[in-house]
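Here's a quick tour for anyone opening this structure for the first time. Have the sequence and the 3D view handy as you read.

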Amino acid sequence: MIHIDAKPISLQLTTPFRISRSVQQTASNVVVQLKNGEAVGYGEAAPNQHYGESAETVLACIAQFAGNLGNDPFQIEDIMQRLDKVIRLNPAAKACVDMALYDMVGKILGIPLYKFLGLNPSHMPRTSFTIGLDTPTEMARKALMAKDYPILKIKVGTRHDLEILKAIRDVSSAVIRVDANAGWTPKEAIKNIHSFLEYGVEFVEQPVAGHDLAGLKMVREHVSIPIIADESCVVIEDIPRLSECVDGVNLKLMKNGGIHTILKMIHVARAHHLRVMLGCMIESSLAITAAAHLAPLVDYIDLDGNLLISDDPYRGAKIENGRLQLPSDPGLGVKLHA
Ligand SMILES: C[C@H](N)C(=O)N[C@H](CCC(=O)O)C(=O)O
Ligand SMILES: [Mg+2]
């Protein structure tokens with residue numbers, strides 16, 4: 001029988017992380033340990049209020065999941081189907097169990113997760129480093145400090161967006177991606193995106209409200225750079241609906257429910273000719289490394305949640321010049337800091 005233990009952890013951010021709808025100073029996450037005889041696996045949930053989760057809801061879900069995990073960690077499809085029957089949605093609660101199962105099976109087999117998935121660890125896109133909302137001057141200062149990262153993801157969705165872009169471009173020649181976190185109306189989005197073009201923006205993430213697919217379609221039809229859906233893409237059924245409205249989708253373990261579901265979502269997205277991005281919440285190196293094992297399958301990655309915290313208890317994927325290097329130890333390959 002697979003046993004599960006869960007404990008809340010509080011992670012401190014290096015600086016408050018502000019996006020158009022919220023500000024976060026700490027991350028209240030949950031770490032789980034699965035045990036099956038001698039075998040162990042670890043996982044992390046980074047619950048996000050926007051998707052209806054908190055550390056408390058994750059712990060409550062895990063109490064419901066215990067007893068439904070069976071005794072064969074290799075039967076991940078069956079286990080995740082059972083968890084879906086126990087409780088709907090709650091993607092971060094499911095992601096930490098799913099991640100711990102993949103960690104466990106990799107450790108039993110003695111191979112890293114990317115190898116179990118048949119992936120080439122040298123095919124890793126570079127990650128973006130995210131600059132949260134602040135004054136244009138402060139955001140430019142942070143962009144300057146992030147000179148080791150060749151790709152910056154700039155949060156927008158304010159009344160000062162053009163000033164932000166100008167201030168950052170004045171100090172940085174990095175590739176710039178922007179994320180409005182649903183902060184604009186479709187008309188504002190079109191106007192802002194046109195005015196951003198002179199600053200060389202590669203693509204725009206979630207310009208308008210998550211539910212506003214007509215708005216996304218309208219924006220896409222009026223601008224010349226790709227539009228990537230994030231808040232609009234929560235469940236697998238969202239992907240066919242989005243395929244006429246955007247150029248790509250941003251998938252996250254914590255928003256979409258873990259590795260097993262994301263693998264399906266990547267293939268559905270590809271079948272609909274969508275680009276795929278892998279993103280994150282504020283997560284330690286445990287969950288970031290788990291997501292990084294999927295990176296060879298996608299076009300863009302934004303796996304920087306661990307870089308935004310000051311007290312990461314784990315070490316996993318290393319980063320050099322924006323490029324994540326996957327650990328070759330079995331499972332996720334993540335260890336506690338000594
Ligand atoms: C941390 C990561 N780079 C990021 O920007 N994630 C946000 C989601 C954060 C949140 O909803 O609090 C995103 O891609 O929108
Ligand atoms: Mg986003």
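Let's start with residues 136–226: the span is 46% helix and 16% strand, and its end C-alpha atoms lie 24 Å apart. UniProt, in an unreviewed entry, places the feature "domain: Mandelate racemase/muconate lactonizing enzyme C-terminal" on these residues, 136–226.

Keep in mind that what you're looking at is a predicted model. The mean pLDDT of the protein chain is 98, and 100% of its residues reach 70 or more. As for the overall scores, the model gets an ipTM of 0.99 and a pTM of 0.98.

Now zoom out to the whole chain. It splits into domain 1 (3–110) and domain 2 (116–336). Where the two domains meet, 38 residues of domain 1 and 37 residues of domain 2 take part in the contact.

Which elements give two or more residues to the side of domain 1 that touches domain 2? Here they are:

| Element | Residues |
|---|---|
| Strand 1 | 3–19 |
| Strand 2 | 22–36 |
| Strand 3 | 39–45 |
| Helix 2 | 76–86 |
| Helix 3 | 91–109 |

Helix 3 gives the largest share of that side, with 13 residues. By class, the residues on this side of domain 1 divide into 21 nonpolar, 9 polar and 8 charged.

Finally, find the ligand. How many residues surround ligand 1? There are 15, and the closest are Thr130, Gly279, Asp302, Asp304 and Gly305. Sorted by class, the shell around ligand 1 holds 4 nonpolar, 6 polar and 5 charged residues. Both domains take part here: domain 1 (3–110) and domain 2 (116–336) each supply at least three residues to the shell around ligand 1.

Definitions and conventions: Residues numbered from 1 in each chain as written. Chains lettered and ligands numbered in written order. Predicted model: local features only at pLDDT ≥ 70, side-chain atom pairs only at ≥ 80, totals over all residues. Near = placed C-beta within 6 Å. Nonpolar A, V, L, I, M, F, W, Y, C, P; charged D, E, K, R; others polar. Domains from an automatic or database assignment. Contact = placed C-beta atoms within 7 Å. Helix = DSSP H or I, 4+ residues; strand = E, 2+ residues; numbered from the N terminus. UniProt positions renumbered as here; feature names shortened; annotations may be inferred. pLDDT = per-residue confidence, 0-100.
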